[in-house]
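Subject: Structure handover

Dear colleague,

Please find below the structure that I am handing over to you. My findings follow it.

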Amino acid sequence: MNDVELAAAAARAAADVLLPLRGGDLAGGALGDAGDAAAQRAVAALLAEHRPDDAVLSEEAADDPVRLGADRVWIVDPLDGTKEYRAGDRHDWAVHVALWERRPGPGSGSGAAPGAAPGDAAGDLTAAAVGLPALDEVLTTAPAPVVPPRPAGPLRVAVSRSRPPEVARAVATALGADLVPLGSAGYKVLAVVRSEADAYVHAGGMYQWDSAAPVAVARAAGLWTSRLDGSPLVYNAPDPWLPDLVVCRPELADRVLAAARREA
Ligand SMILES: Nc1ncnc2c1ncn2[C@@H]1O[C@H](COP(=O)(O)O)[C@@H](OP(=O)(O)O)[C@H]1O
Ligand SMILES: [Mg+2]
């Protein structure tokens, strides 16, 4: 099994525990907690079995600083959109499994490039899968999804349904776009990949695991991905906090970033 196949297998293993749990007796917070824990166990077990030497950064596990010196780090959100998962009848929740790999530095077999701080763009995402269990789909970096053409009508900006940031409204206004409120960062990124939205704009808070796998899939599909100020998204940085994000059709990037800059 190569790395992308393993990521996809882990996303499917999480779906296999999350779907029956959701059809069972638990509800509300207890269902969310049980889903987070069961999906974490499913993903962690496959990674430990097939890649025992790799480091892992997961929303549902303690952050082990060993990852900062590791060459290969899996960045995992076993259940993104826990609120929507708990709701029982929504499909906007996801399983994120991404691999970050250190770039080989000149003259060293495995270390960071000279002068590069750990996590300082010393590597990048190289393989990923995002599962959408409620839709029975797993999207990966290889084969990469093909973004369908945009439907006729106004542009659509995906935004957090529970914490819509002001900047997303400003971008939508500047583009004459409709806002599409959805749960789960992964689902919203894939909404752009699947052409249910043309852009996703987030600010105000998020962690590396909320965006890593979906961003890798979006990049593989040819979409624009960056911070809100246009700078690159850096993964396996020491601080897991990575609070803002833009994913959009590449032809919209200049307009989205200009509108975001005016709002900043
Ligand atoms: N302001 C914020 N601070 C911290 N995390 C945030 C956040 N806004 C969104 N997130 C996280 O990003 C994911 C998507 O959020 P949203 O559905 O609002 O777009 C959720 O992940 P989890 O469901 O894995 O906790 C949520 O916790
Ligand atoms: Mg999340």
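Which residues come nearest to ligand 1? Of the 15 residues around ligand 1, these are Asp80, Ser160, Gly183, Ala185 and Gly205; a residue is near a molecule if its C-beta atom, placed from the backbone, lies within 6 Å of it. This is a predicted model, in which local features need pLDDT of at least 70, side-chain atom pairs count only at pLDDT 80 or more, and totals for chains, interfaces and linings use all residues. Residues are numbered from 1 along each chain as its sequence is written, while chains are lettered from A and ligands numbered from 1 in the order in which they are written.

The ligand and the domains

The shell around ligand 1 comprises two nonpolar, eight polar and five charged residues. In this classification Ala, Val, Leu, Ile, Met, Phe, Trp, Tyr, Cys and Pro count as nonpolar, Asp, Glu, Lys and Arg as charged, and the others, Gly among them, as polar. Ligand 1 lies between domain 1 (3-140) and domain 2 (156-263), because both give residues to its shell. The domain bounds come from an automatic or database domain assignment.

The C-alpha centres of the two domains lie 19 Å apart. Across the boundary, 34 residues of domain 1 are in contact with 26 residues of domain 2, contact meaning C-beta atoms, placed from the backbone, within 7 Å. Strand 4 gives the most to the side of domain 1 that touches domain 2, with seven residues. That side has 18 nonpolar, six polar and 10 charged residues.

Five strands form an open sheet in the order 1-2-3-4-5, with mixed pairing. Strand 1 (55-58) and strand 5 (137-140) stand at the edges with a single partner strand each, so one side of each is left without a neighbour in the sheet. From one strand to the next, the twist averages 15 degrees. Helices (H or I, at least four residues) and strands (E, at least two) are DSSP runs, numbered from the N terminus, and two strands pair if DSSP finds at least two bridges between them.

Strand 1 pairs with strand 2 (residues 72-80) in the parallel sense over four bridges; Ala55 has Val73 in strand 2 as its bridge partner. Helix 2 (residues 28-50) packs on the sheet, touching strand 1, strand 2 and strand 3 (94-102), and its direction makes about 155 degrees with that of strand 2. Helix 5 (residues 185-193) also packs on the sheet, and its direction makes about 90 degrees with that of strand 4 (123-132). Axes are lines fitted to C-alpha atoms, for helices over the stretch in contact, and angles run from 0 to 180 degrees between N-to-C directions.

Strand 4 and strand 5 pair in the antiparallel sense over four bridges, with Thr140 of strand 5 as the bridge partner of Ala129. Their hairpin has four residues between the strands, and Asp136 takes a positive phi near 55 degrees there.

Helix packing and backbone details

Helix 5 and helix 6 (residues 208-220) pack at an angle of about 10 degrees, with their axes 8 Å apart. The two helices are therefore roughly parallel to each other, a term for angles under 35 degrees.

Most residues other than glycine have a negative phi, and most peptide bonds are trans. Ser184, in the loop between strand 7 (178-182) and helix 5, has a positive phi of about 70 degrees although it is not a glycine. The peptide bond from Ala142 to Pro143 is cis, with omega near 0 degrees.

Yours sincerely

Definitions and conventions. Two residues are in contact if their C-beta atoms, placed from the backbone, lie within 7 Å. Angles under 35 degrees count as roughly parallel, over 145 as roughly antiparallel, 65 to 115 as roughly perpendicular and the rest as oblique.
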